[in-house]
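Here is a short briefing on one protein model. Look at the sequence and the fold, then read on.

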Amino acid sequence: MRVYVLNGPNLGRLGTRQVDVYGATSYADLVGLCEATGRELGLDVTVRQTDAEHELVGWLHDAADERAAVVLNPAAWSHYSIAVRDACALLRGPLVEVHISNIHAREEFRAHSVVSAVATGVICGLGVDGYRLALHHLATRADAAR
Ligand code: DQA
């Protein structure tokens with residue numbers, strides 16, 4: 001199963017960015033964790049990060065064309081980007097939305113994600129382990145489809 005792990009703005013700064021909120025794992029370590037989990041589960045995992053909204057929309061279009069599964073941390077775009085939500089709604093494979101922090105226990109403006117209504121499921125507040133759990137879930141679905 002092809003899986004895109006897509007990350008929105010500022011997530012490239014993981015490891016130095018608000019370590020008390022997002023933890024000490026660097027973005028490079030996160031990429032390594034997702035790739036290692038993909039290998040372990042037999043998933044074809046591609047990990048990407050962008051600070052440019054149009055780039056994320058393009059990657060979501062590609063995932064839709066390929067009927068691929070997506071693990072998406074839309075970061076700040078979660079809270080206001082209708083363009084990202086609409087691109088997510090085009091997907092034809094499962095979409096797991098991941099947030100490293102518990103968005104419900106922070107500022108009020110973070111509690112609502114415009115993406116969640118079009119996601120298959122949402123994981124938040126479990127740190128970078130959320131990505132590993134999302135990939136495990138997708139592997140289970142891939143098994144069920146066989
Ligand atoms: C985040 C939460 C968002 O509110 C924030 O803008 C991020 C990261 C998370 O992973 O916890 O950049 O999506």
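Is valine 96 buried or exposed? Valine 96 counts as buried, because 24 C-beta neighbours lie inside 10 Å. The cut-offs are these: a residue is buried if 20 or more other C-beta atoms lie within 10 Å of its own, exposed if 12 or fewer, and partly exposed in between, with C-beta atoms placed from the backbone.

This is a predicted model: local features need pLDDT of at least 70, side-chain atom pairs count only at pLDDT 80 or more, and totals for chains, interfaces and linings use all residues. Residues are numbered from 1 along each chain as its sequence is written.

- Valine 96 is found in strand 4. Helices (H or I, at least four residues) and strands (E, at least two) are DSSP runs, numbered from the N terminus.
- Leaving aside neighbours within four places in sequence, valine 96 is in contact with Val71, Ala119, Thr120, Gly121, Ile123, Ala134, His137 and Leu138. Two residues are in contact if their C-beta atoms, placed from the backbone, lie within 7 Å.
- Valine 71 has its own set of contacts, again leaving aside neighbours within four places in sequence: Val3, Val5, Val96, Val98, Tyr131, Ala134 and Leu135.
- The largest nonpolar core has 37 residues. A nonpolar core is a set of buried Ala, Val, Leu, Ile, Met, Phe, Trp, Tyr and Cys residues joined through C-beta atoms within 7 Å.
- Val3, Val70, Val71, Cys88, Tyr131 and Leu135 have the most contacts inside this core.
- Two or more residues come from each of these elements: strand 1 (2-7), helix 2 (27-41), helix 3, strand 3 (69-73), helix 4, strand 4 (95-99) and helix 5 (129-145).

**Helix 3 against helix 4**

- Two packed helices are described by the angle between their axes and the distance between the axes.
- The axes of helix 3 (residues 53-65) and helix 4 (residues 82-89) come within 9 Å and cross at roughly 5°. Axes are lines fitted to C-alpha atoms, for helices over the stretch in contact, and angles run from 0 to 180 degrees between N-to-C directions.
- Helix 3 is therefore roughly parallel to helix 4. Angles under 35 degrees count as roughly parallel, over 145 as roughly antiparallel, 65 to 115 as roughly perpendicular and the rest as oblique.
- Helix 3 makes the contact with Glu53, Leu56, Val57, Leu60 and His61, and helix 4 with Ala83, Val84, Ala87 and Cys88.
- Seven of these contact residues are nonpolar, one is polar and one is charged. Ala, Val, Leu, Ile, Met, Phe, Trp, Tyr, Cys and Pro count as nonpolar, Asp, Glu, Lys and Arg as charged, and the others, Gly among them, as polar.
- Alanine 64 is also found in helix 3. Alanine 64 counts as partly exposed, with 17 C-beta neighbours inside 10 Å.
- Alanine 64 and cysteine 88 are 24 residues apart along the chain, and their C-alpha atoms are separated by 8.4 Å.
- Not counting residues up to four places away in sequence, alanine 64 touches Leu90, Leu91 and Arg92.

- Most residues other than glycine have a negative phi.
- Asparagine 10 has a positive phi of about 75°, although it is not a glycine. Asparagine 10 sits in the loop between strand 1 and helix 1 (19-22). Its 15 C-beta neighbours inside 10 Å make asparagine 10 partly exposed.
- Alanine 75 has a positive phi near 50°. The loop between strand 3 and helix 4 holds alanine 75. Alanine 75 is buried, with 20 other C-beta atoms within 10 Å.

- Histidine 112 is partly exposed, with 14 other C-beta atoms within 10 Å.
- Histidine 112 and serine 78 are 34 residues apart in sequence and 7.8 Å apart in space, C-alpha to C-alpha.
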